[in-house]
Amino acid sequence: MKIGLIALVQDEIHQAPAGHPETAHRLVFALNHVMNSDIASSLISYIPLEVEAGTIIGKIHDEKYISILKKTAENGGGYLDGDTYVTTGSFAAAWETAETAVAAVNDIIGGKFKRIFLAGRPPGHHAEYNHGMGFCLINNTAVAAEAAVTNHKLARVAIVDWDVHHGNGTQHSFYDRSDIYFISLHRYPFYPGSGATSERGTGKGEGFTLNIPLPQGTGGEIYLRAFAEKIIPALEKYAPELIIITAGFDAHRDDPLGGMDLDGEIFGEMTRQLVNVANQFCDGRILSLFEGGYSLPGNAQSLYFHLTELMRK
Ligand SMILES: [Zn+2]
């Protein structure tokens, strides 16, 4: 099937300082690769209608943090922590990407596309309620999930985060809720430190956070076993109305930061399984958001297999 592709590489307004791994090029390179491949004709590049997303972003992030982020950009930029840079354009870039995540949810629920890949940056899954961290400024995945619940009244949204790092910010956003089920596979122990199996949610959210910590060097077989034994059964029980993928490709074996052992096909295989669940429970609806991934060929190969399966009926 044709899938929506929204490219927001933000190469002009969110430019990495020299030597920083979170560059626009890591996304541009991967997009060029897929746009020049045999799947290009099924990728429909488009720009969604602009939406007002301040209310939703305000549910995920503290107003004070948002104004600090804005002021840091206005004052010429700086660092939120040792590795999270802000340039003069970074606030606008992060805001636009988060807003576009909300627009993408509208387009999926509204039936424009069943599946959309948002090729945006800066990344988001480490961004917490009141601070950015780990290259992340605004939590795009959390904003998208919140939009699905608040704007479209969905009762069950599943997030699958396979970025090699634990999505601490996303987990904390919904830790006490059952309407958004957060599932993460990640290297552990590793940055940012959270993501133990014992972190399962709290109160009404107990049992709606599923962490699958994996040791350094884990390969595809173990990832697929986690899907078969834990993730797919959990999703089948939950019966999601929308699946959101936090698609980092930094568990690829070529990644300079990740230290895992996946090849590109595994990202396709994991996607295929989520497509099956989406077809079974939610009319095939999946929103996928680009996240980490710092190897140019690793991202290109992983994205190719991810999108190839995402466009299967
Ligand atoms: Zn990552």
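Begin by selecting Val 157, whose bridge partner in E7 is Ile 180. The model on screen is predicted, so that local features need pLDDT of at least 70 and side-chain atom pairs count only at pLDDT 80 or more, whereas totals for chains, interfaces and linings use all residues. Residues are numbered from 1 along each chain as its sequence is written.

Strands (E, at least two residues) and helices (H or I, at least four) are DSSP runs numbered from the N terminus.

Now colour E7 by side: Ile 180, Phe 182, Ser 184 and His 186 point one way, Tyr 181, Ile 183, Leu 185 and Arg 187 point the other way, and all are buried. A residue is buried if 20 or more other C-beta atoms, placed from the backbone, lie within 10 Å of its own, exposed if 12 or fewer, and partly exposed in between. Because eight of the eight residues of E7 are buried, the strand is largely enclosed by the rest of the structure.

Follow the chain into the loop between strand E7 (180-187) and strand E8 (209-214), where Pro 189 is found. A cis peptide bond joins Tyr 188 and Pro 189, with omega about -5°, and the bond from Tyr 191 to Pro 192 is also cis, with omega near 5°.

Next, select Phe 135, in the loop between strand E5 (115-120) and helix H5 (140-150). Phe 135 is not a glycine, yet its phi is positive, about 75°, and with 25 C-beta neighbours inside 10 Å it counts as buried. Asp 283, in the loop between H8 and strand E10 (286-290), has a positive phi near 55°, but Asp 283 is exposed, with 12 other C-beta atoms within 10 Å.

Finish with helix H7 (residues 220-238) and helix H8 (residues 264-281), whose axes come within 11 Å and cross at roughly 15°; axes are lines fitted to C-alpha atoms over the stretch in contact, with angles from 0 to 180 degrees between N-to-C directions. H7 and H8 are therefore roughly parallel, the term for angles under 35 degrees. To display their contact, select Gly 220, Tyr 223, Leu 224, Phe 227, Ile 232, Leu 235 and Glu 236 of H7 with Ile 266, Glu 269, Met 270, Gln 273 and Val 277 of H8, contact meaning C-beta atoms, placed from the backbone, within 7 Å.

How values were computed
Angles under 35 degrees count as roughly parallel, over 145 as roughly antiparallel, 65 to 115 as roughly perpendicular and the rest as oblique. Two residues are in contact if their C-beta atoms, placed from the backbone, lie within 7 Å. Two strands pair if DSSP finds at least two bridges between them.
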